[in-house]
Amino acid sequence: MIRLIRSNFVRALAPMLCLGMLTGAMYAQRQWPQRQDAGPYHVRCASAIAAIPLQMGPWVGKERAPQSAAIQVLKPNIIRNIEFTDPRVTALRQPENRISLSIVQCKRIADMLGHFPPNCYPAFGDTLNGQLVREWQIEPLDGTGVPLKIQGMEYTFERVINGKTYKRIVYNFMVAPGRGVLREMKELEEAAEDYLQRYYGAAQIQLVFDSLAGQELPAAERDQVFSTLMRYCAPAIEMVKSGDRSQAGKRAATGNE
């Protein structure tokens with residue numbers, strides 16, 4: 001008799017437990033960020049990246065239109081390509097030598113995953129010859145505050161065109177809101193699985209040094225260029241890192257959509 005009562009009780013209780021779990025899951029999903037929550041954040045990111053100046057210390061930049069293929073793949077919230085010159089740098093007087101900065105921010109991390117130097121450059125005929133784990137400390141422009149720590153990668157590519165060997169050295173890192181500066185694509189893939197971050201996207205920054213082989217800037221000079229330019233990019237990087245989720249947080253606190 002006791003077993004029969006217990007069995008009937010369990011059968012009666014099971015649907016209520018399932019309903020309770022389903023209700024709890026639905027309530028939890030309502031607290032997750034919605035697409036509209038990220039709208040103001042993406043506006044601020046676009047404004048911060050658009051505000052990066054073309055004059056950065058001695059370096060003078062010129063906007064270059066992004067490739068249409070990049071726009072189709074990345075579906076960017078904003079993308080900027082800037083080519084820099086400094087009349088003091090002798091190597092830049094060679095027509096094959098140039099320094100360019102690429103900044104792209106996407107509304108969805110998934111759109112960013114294919115945009116990665118070891119994938120992109122070999123697809124256009126470059127050969128990856130080396131990679132280094134790098135870390136930089138970027139001092140604030142005003143000389144006060146906490147330095148920006150950038151963990152990234154340095155990639156070296158080569159390609160042969162009309163019998164000439166060209167070298168391309170790429171400094172690369174990603175930025176994801178709530179996760180900070182990321183070095184590896186696998187870190188961005190992990191961030192893409194976070195439902196709390198799904199509508200906040202990510203950014204990627206590349207500083208590219210193109211030259212004829214044997215005419216490339218020395219490593220110390222490249223690092224100096226990177227540090228100088230990143231000081232001016234730091235406010236935009238910090239904006240992307242912030243990942244303002246105030247609207248989602250407000251909804252979670254009040255229980256309202």
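This is a predicted model: local features need pLDDT of at least 70, side-chain atom pairs count only at pLDDT 80 or more; totals for chains, interfaces and linings use all residues.

Visitor: How many aromatic pairs does a search of the whole structure find?

Guide: The search finds nine aromatic pairs. One of them joins Y155 and F157.

Visitor: Why are Y155 and F157 called an aromatic pair, and what makes the pair tilted?

Guide: The ring centres are 6.4 Å apart, and the limit for a pair is 6.5 Å, so the two rings qualify. The planes make an angle of 35 degrees. Stacked requires under 30 degrees and edge-to-face over 60, so the pair is called tilted.

Visitor: How do you know whether Y155 is buried or exposed?

Guide: Y155 has a relative accessibility of 2%. Because buried means under 20%, the term applies to Y155. F157, at 0%, is buried as well.

Visitor: Which residues do ring pairs link into a cluster?

Guide: The cluster consists of W136, Y171, F173, F209 and F226.

Visitor: What makes up the largest nonpolar core?

Guide: This core has 42 residues, and F173 and F226 are among those with the most contacts inside it. Its largest share, nine residues, comes from α6. L101, also among the residues with the most contacts in the core, touches residues including M56, F84, L207 and M230. Another core, of 20 residues, lies apart from the largest one and includes C106 and L182.

Note on methods
Residues are numbered from 1 along each chain as its sequence is written. Side-chain values use heavy atoms; hydrogens and water are left out. Rings of Phe, Tyr and Trp (its six-membered ring) pair if their centres lie within 6.5 Å; planes under 30 degrees apart count as stacked, over 60 as edge-to-face and the rest as tilted. Buried means under 20% relative accessible area, exposed over 50%, partly exposed in between (1.4 Å probe, protein chains only). A nonpolar core is a set of buried Ala, Val, Leu, Ile, Met, Phe, Trp, Tyr and Cys residues joined through side-chain atoms within 4.5 Å. Helices (H or I, at least four residues) and strands (E, at least two) are DSSP runs, numbered from the N terminus. Contact means heavy atoms within 4.5 Å. Lists of a residue's contacts leave out its neighbours within four places in sequence.
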